[in-house]
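Please consult the sequence and structure shown here.

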Amino acid sequence: MPRPISEPEFAVPDGEQPPARCPHCDRPFRSEELYVLHLGEVHPEECTAAQREAYEEAYDAESHDLFTFHVKVVVALTLLFFTFAYAYAVVWN
């Protein structure tokens with residue numbers, strides 16, 4: 001059966017074993033956390049209560065990490081803007 005175009009192909013290098021593999025779609029994952037996030041996003045109806053809880057914890061951790069990244073980007077852009085603004089003011093003064 002041909003694979004749908006929208007479904008990407010995943011290859012594991014020869015001699016390596018992925019840390020986790022989805023039992024529903026046989027997709028390999030580089031970490032257990034990515035596997036848990038996949039289960040909760042793609043296969044929520046097949047999740048057990050423990051898997052659902054693990055998904056919610058991983059989702060919260062990932063959301064926190066993403067928020068922290070966004071704050072760092074905003075601070076860096078703000079500092080960059082003010083650095084150029086002050087440099088511009090010094091040069092033209």
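Arg21 is partly exposed, because its relative accessible area is 35% and that class lies between buried (under 20%) and exposed (over 50%), with a 1.4 Å probe and protein chains only. The model is predicted: local features need pLDDT of at least 70, side-chain atom pairs count only at pLDDT 80 or more, and totals for chains, interfaces and linings use all residues. Residues are numbered from 1 along each chain as its sequence is written, and side-chain values use heavy atoms, without hydrogens and water.

Arg21 forms a salt bridge with Asp26, where the term requires a side-chain nitrogen of Lys or Arg within 4 Å of a carboxyl oxygen of Asp or Glu. The structure holds one such bridge. Asp26 is found in the loop between β1 (20–21) and β2 (28–29), strands being DSSP runs of E with at least two residues and helices runs of H or I with at least four. Although not a glycine, Asp26 has a positive phi.

| Item | Value |
|---|---|
| Arg21, relative accessible area | 35% |
| Leu77, relative accessibility | 53% |
| Asp26–Arg21, closest N and O atoms | 3.8 Å |
| Asp26, phi | about 65° |

Leu77 lies in helix α2 (residues 49–91) and counts as exposed. Together with Leu66, Phe69, Val73, Leu80 and Phe84, Leu77 makes a nonpolar surface patch of about 600 Å²; members of a patch have over 30% relative accessible area and no salt bridge, with nonpolar side chains joined within 5 Å and like charges within 9 Å.

Technical notes: Areas by Shrake-Rupley, 256 points an atom, 1.4 Å probe, with all protein chains shown as cover.
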